[in-house]
Amino acid sequence: MNETTERERRRSEQLPLQFIHDAAKSRDDLLVSERLAAAVAIVDEWPAWPSPVVVLAGPIGSGKSHLAHIWREKTGATDIHPVAGSNAAALAAAGPVLFEDADRRGFDDAELFHVINSVRENGHSLLMTSRLWPISWGVTLPDLKSRLKAATIVEIGEPDEELLAQVIVKLFADRQLYIDDKLVGYIVNRMERSLGAAQTIVDRLDRLALARGTRITRPLAAEVLNDVGNSGAGAKDGD
């Protein structure tokens, strides 16, 4: 196949509509493994938390966003972004609050300090998610450093092969697709160890198979795995 034909084929496989599959994110849909057990327990135990501030720390695609979604639904928490001029502290005084991707989105030290104080003074809760532990957030305000040291930090490890296989089966099931266990194993043994990569691979396989009007086969999986590996797309997906 010459270069022009290959480009034309790839263009034809770009679907005109972006099909959105809402992956189930309820507590019952959560796949619990040993690496997630402590984080799941802290979500389930709310409001009986060991401290009013909890940080879920884990790598890309480790499940932090899924757990944060479950906690937000359970508690009615409000999403906040503690930056100067925001009403984050006032929201924290009114009820539970959630601050996701603290290490990536950035925040104002003084505003986050006021948020934590509001949570403590009003008997509410703050859940934060991060790829890094708070010690690596670059905090300069001494009072905030002290508050963060008192937070409960729950670390989430990278997913193992068994969990990745379960996740891939679930992601296909969310699309009402069911594939052979051997094909699942083939994918797991060759993919990046992250839930974000699993999401990317399943999405691309689904769309590519639909565009070509074919079943999801090992050669198709090999093509997608190669493309994802070359682009590094799995590392850019959400948690």
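How much space lies in the largest cavity? About 40 Å³. Keep in mind that this is a predicted model. Searching the whole structure for cavities of 30 Å³ or more turns up one.

Ser51, Pro52 and Val53 are among the lining residues.

On to the aromatics. The whole structure has four aromatic pairs. I'll take two of them in turn.

Start with Trp46 and Trp71. Their rings pair edge-to-face. The centres are 6.4 Å apart, and the planes sit at 90 degrees. Why does this pair tie together separate parts of the chain? Because Trp46 lies in the loop between helix 2 (37-45) and strand 1 (53-57), while Trp71 lies in helix 3 (residues 64-75). Those parts are 25 residues apart in sequence. Buried or exposed? Both Trp46 and Trp71 are buried.

Next, Phe107 and Trp137. This aromatic pair is edge-to-face, with 5.7 Å centre to centre and 70 degrees between the planes. It links distant parts of the chain, 30 residues apart. Phe107 is in the loop between helix 5 (102-105) and helix 6 (109-122). Trp137 is in the loop between strand 4 (126-130) and helix 7 (142-149). Both Phe107 and Trp137 are buried.

Last item, back to the tryptophans. Which residues form one aromatic cluster with Trp46? Trp49 and Trp71.

Definitions and conventions: Residues numbered from 1 in each chain as written. Predicted model: local features only at pLDDT ≥ 70, side-chain atom pairs only at ≥ 80, totals over all residues. Heavy atoms only, no water. 1 Å grid on protein atoms, 1.4 Å probe; cavity = no way out; pocket = protein on both sides within 12 Å on 5 of 7 lines; lining within 4 Å. Points joined across faces, edges and corners; volume = space filled by probe spheres on them. Phe/Tyr/Trp six-rings, centres within 6.5 Å; stacked < 30°, edge-to-face > 60°. Helix = DSSP H or I, 4+ residues; strand = E, 2+ residues; numbered from the N terminus. Buried < 20%, exposed > 50% of the residue type's maximum accessible area, 1.4 Å probe, protein only.
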